[in-house]
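Here is a short report on one protein chain. Look over the sequence and the model before reading on.

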Amino acid sequence: MSWSFFKKIVDDCRNKQVKEFCPFIHGEPLSWKYLEKGLDYLSLMLPDTGVVIYTNGYLLDSSKTKLLLRDNISEVHFSIDGLSKQVYEQHRRGLVYERVLANVIGFLAELHKSKRRIKTHVAFTSTPQNQCEVEAFRLFWEGLVDAVEIIPCDGRGGEERLPAFTDGRQLPCFQVTSHMYILTDGSVVPCCKDWAGYTIMGNVAGQPLESIWNSKEYRRFRNDINRGTTPAAEVCHRCLTDQL
Ligand code: SF4
């Protein structure tokens, strides 16, 4: 994301009691060239907002570790989808398991020494290929981090993947009534599943975030979710439909 979009988002969040700010949607925040400047700007402009980092840990060297051990980081989540090298690298193509493990363990050791109050999580997205490692993964990470999350793999808004839930009566929508999601081009989408921008609610470039959040279309979307009805949004249709 460009610096100007990021700055605009942060500026729009001022005096809005924003509780949580996650500087990523589906990308890797540690690869963002403005990360340090962005964290500084968040500290300055939104001092009471917790910053939540989701990372695969691959770029978490000692300088990035130092960068994350700061006052405004409230949570760090590591996405690790396997316990063995073979299964992990099958799911995280191009990454090297030993390096990720060493980085994450190194971060946890530095966090322990620093006595900062940052909550740590590991998230394991379960698939038919890594199911066999779930219990061993849980046993390995419990005690090292604050929470171990096993998350079912879902459709991520279609694209020939699995539907979000095989039982379509159960809406898998969490956080969509309390969070906004913004793509790198400034498009506001209603759900983290909408990485491709199927349902655009507005764009930060030309509109204040608050007016996008309060638009008729966005309010209708949240009302549908609150009533347990599937919203008539393209991304929801894709998310819940097996064959498109
Ligand atoms: S049904 Fe819509 S709101 Fe719910 S998880 Fe899927 S895309 Fe998100």
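## Overall shape

This is a predicted model. The chain holds nine helices and eight strands. Its radius of gyration is 19 Å, close to the 18 Å that the globule rule gives for 244 residues, so the chain is as compact as a globular protein of that length. The C-alpha trace spans about 50 × 45 × 30 Å along its principal axes.

Buried residues account for 27% of the 244 residues. Take the contacts between residues at least 6 apart in sequence: 65% of them join residues at least 24 apart.

## The sheet

Five strands build an open sheet. Their order is β1-β2-β3-β4-β5, and the pairing is parallel. β1 and β5 (147–152) are the edge strands, and each pairs on one side only.

Inside the sheet, β3 (residues 73–79) pairs with β4 (residues 119–126). Five bridges join these two strands in the parallel sense. V76 stands opposite T120 of β4.

## Helix α2

Helix α2 covers residues 35–45, and G38, L39 and L42 are buried in it. These residues lie on the same side of α2 because they cover an arc of only 100° around the axis.

## Nonpolar cores

The largest nonpolar core counts 22 residues. V51, I53, I73, V76 and I80 have the most contacts inside it. Two or more residues come from each of α2, β2, β3, α5 (97–114), β4 and α6 (134–141).

Back in the largest core, I73 is one of the residues with the most contacts. Leaving out residues up to four places away in sequence, I73 touches V51, I53, L68 and I118.

## Confidence

The mean pLDDT of the chain is 90, and 91% of the residues score at least 70.

One stretch calls for separate mention. Over residues 164–170, pLDDT stays under 50. For this stretch the model has eight contacts beyond four places in sequence.

Key:
Residues numbered from 1 in each chain as written. Predicted model: local features only at pLDDT ≥ 70, side-chain atom pairs only at ≥ 80, totals over all residues. Buried ≥ 20, exposed ≤ 12 C-beta atoms within 10 Å, placed from the backbone. Helix = DSSP H or I, 4+ residues; strand = E, 2+ residues; numbered from the N terminus. Arc of directions from axis to C-beta. Pairing = 2+ DSSP bridges. Core = buried A, V, L, I, M, F, W, Y, C linked by C-beta atoms within 7 Å. Contact = placed C-beta atoms within 7 Å. pLDDT = per-residue confidence, 0-100. Rg over C-alpha atoms; globule rule 2.2 N^0.38 Å.
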